[in-house]
Amino acid sequence: MTVSRITSSVTYSAAPSKQEIASLLTEARERTLLLVSPLSDEDLHRQHDPLMSPIIWDVGHIAHFEELWLTQNLDGPIEFSEMPGMYNPFEHPRATRASLALPTLAEMTKRLEEIRSRVLERLETVEFDERNPLLRDAYVYHMVLQHEYQHNETILQTLQLKKGELYRAPRARTFAAREAPREEMVSFDGSRITIGTDERSAAYDNERPRHQIELSPFLIDRDPVTNGRYLEFMNDKGYERTALWSESGRRWVSETGANAPKYWTRDGDRWITRSMDVEREVDAARPVCHVCYYEAEAFAKWAGKRLPTEYEWEAAASWDAASGRSREYPWGDSAATGDIANIDQLAFDTAPVGTCEKNVSPTGCRGMIGDVWEWTSSDFDGYPGFQSFPYKEYSEEFFGSDYKVLRGGSWATRPGAIRNTFRNWDYPIRRQIFSGFRCARDT
């Protein structure tokens with residue numbers, strides 16, 4: 001694979017109106033409050049798992065991140081370190097946040113309202129100055145919105161881990177049963193394609209710059225790996241066959257004793273899974289969820305395949321050979337909605353593969369946006385010519401071989417925080433994230 005920079009001019013989306021921005025901020029906050037509305041103050045302050053913050057901390061972090069970027073940093077030098085001490089994620093690791101003097105929900109709600117009032121007041125006088133990269137095309141407002149969307153998904157991870165009474169999810173969407181699909185692979189012809197974006201109204205720094213790569217031909221699964229297929233791996237003693245696992249994977253299996261995806265439990269000869277407050281028999285037609293990178297890697301080896309690189313994943317999701325260009329989403333350039341893909345949280349679950357019939361890429365891959373984040377074999381690093389913006393703590397601090405890239409979003413991802421170029425990353429041992437995978441193979 002060879003890589004080169006594209007020197008075409010930077011492109012920008014049309015800036016939204018101030019009224020549209022205010023409406024988006026309002027809608028984002030309504031969703032955050034909806035997700036936490038069934039919780040008691042005790043639930044909000046509890047450390048449900050050492051991997052996760054108390055939920056009230058996430059809400060406070062949302063509020064103070066908004067205050068920092070939509071008031072302070074608009075009028076002075078950009079300093080992420082100005083985040084108030086209690087809500088600075090680098091000063092206070094997740095496992096220690098329950099010891100902080102966190103406010104009650106009533107106190108936090110008052111703080112949210114006070115900050116939002118100043119943000120909207122400042123919005124009335126702000127000028128979307130093309131000379132200021134924070135304000136050009138309202139970039140900083142999109143960044144803050146995406147930050148709240150992403151913390152919604154983090155909160156949902158915590159709610160799935162919730163101790164005590166199960167979280168009563170405010171479901172607004174269900175799916176009809178379907179037959180499990182037949183496993184198929186589709187082909188991608190070798191080609192010189194574009195990866196990433198130069199878009200600067202919403203895309204994060206790690207998605208830029210747009211550049212060209214030469215990809216060799218490969219095959220990739222039409223669908224994400226299903227529960228039914230994963231059960232075949234388990235029934236073939238996949239967790240016990242050390243030859244299928246990398247050295248790190250074998251160590252992880254030995255240390256954790258894992259023998260199934262997270263949230264699966266054995267009930268006689270059946271496997272039961274849980275999504276928030278709903279328990280059911282494992283549905284063979286749905287994508288497998290809550291598996292770590294090592295599990296995905298071992299399954300791929302068992303199946304005689306491998307995990308795709310993130311470049312292969314993006315090519316399969318976006319590259320339209322007929323037009324010689326990359327699409328913003330698998331189905332085209334129209335915005336992501338819950339009607340096209342299983343995203344936007346309110347299903348609180350994966351959907352049977354093939355449910356969203358429009359969610360098909362030019363290559364023929366289905367469901368590349370939504371349902372489950374998909375592990376790739378790629379380490380998280382910057383693209384050629386990467387420039388940190390507007391603060392290195394978002395992406396650059398995490399570059400390196402410790403993290404693997406995930407693509408595509410999940411049912412818990414909000415539409416404004418996903419696109420073909422969006423790059424997520426996490427430790428390869430993580431399973432509390434809504435993660436699955438699809439496999440690839442050389443031709």
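Colleague: Leaving aside neighbours within four places in sequence, what is Tyr141 in contact with?
Modeller: Ile21, Leu25, Leu70, Leu74, Leu123, Val126, Phe128 and Leu135. Contact is heavy atoms within 4.5 Å. Keep in mind that this is a predicted model: local features need pLDDT of at least 70, side-chain atom pairs count only at pLDDT 80 or more, and totals for chains, interfaces and linings use all residues. Numbering runs from 1 along each chain as its sequence is written, and side-chain values use heavy atoms, without hydrogens and water.

Colleague: Which residues have the most contacts inside the largest nonpolar core?
Modeller: Tyr141, Phe233 and Phe437, in a core of 101 residues. A core here is a set of buried Ala, Val, Leu, Ile, Met, Phe, Trp, Tyr and Cys residues joined through side-chain atoms within 4.5 Å.

Colleague: What is the radius of gyration, and what would a compact globule have?
Modeller: The protein has 22 Å, which agrees with the value near 22 Å for a compact globule of 443 residues. That radius is taken over C-alpha atoms, and the globule rule is 2.2 Å times the number of residues to the power 0.38. The C-alpha trace spans about 60 × 55 × 40 Å along the principal axes. Of the contacts between residues at least 6 apart in sequence, 78% join residues at least 24 apart.

Colleague: Switching to secondary structure. How many helices and strands are there?
Modeller: 9 helices and 15 strands. Both are DSSP runs numbered from the N terminus: helices are H or I, at least four residues, and strands are E, at least two.

Colleague: Helix 8, then. Is it mostly covered or exposed?
Modeller: Mostly covered, with 8 of its 10 residues buried. Among them are Tyr293, Phe299 and Trp302. The cover includes helix 6, helix 7 (247-256), strand 11 and strand 12. Gly304 follows helix 8 and has a positive phi, near 75 degrees.

Colleague: You mentioned strand 6. What order do the strands of its sheet have?
Modeller: 6-7-8, an open sheet of 3 strands with antiparallel pairing. Strands pair if DSSP finds at least two bridges between them. Strand 6 (264-267) and strand 8 (278-281) are at the edges with a single partner strand each, so one side of each has no neighbour in the sheet. Neighbouring strands are turned by 30 degrees against each other on average, direction ignored. Those axes are lines fitted to C-alpha atoms, for helices over the stretch in contact, with angles from 0 to 180 degrees between N-to-C directions.

Colleague: Over how many bridges do strand 6 and strand 7 pair?
Modeller: Over 4 bridges. In one of the pairs, Thr265 has Ile272 of strand 7 as its bridge partner.

Colleague: What about strand 11: enclosed or open?
Modeller: 6 of the 8 residues of strand 11 (residues 373-380) are buried, so it is largely enclosed by the rest of the structure. Strand 11 runs parallel to strand 14 (residues 435-436), joined by 2 bridges. Glu374 stands opposite Gly436 there. Strand 11 also pairs with strand 12 (residues 400-407), antiparallel, over 4 bridges. Phe380 has Gly400 as its bridge partner in strand 12.

Colleague: Now cysteines. How many disulfides does a search find?
Modeller: 0 in the whole structure, counting a pair of cysteine sulfur atoms within 2.5 Å.

Colleague: Last one. Where is Met83 found?
Modeller: In the loop between helix 3 (55-75) and helix 4 (105-125). Met83 is buried, with a relative accessible area of 2%. Not counting residues up to four places away in sequence, Met83 touches His61, His64, Phe65, Leu68 and Asn88.

Terms used:
Buried means under 20% relative accessible area, exposed over 50%, partly exposed in between (1.4 Å probe, protein chains only).
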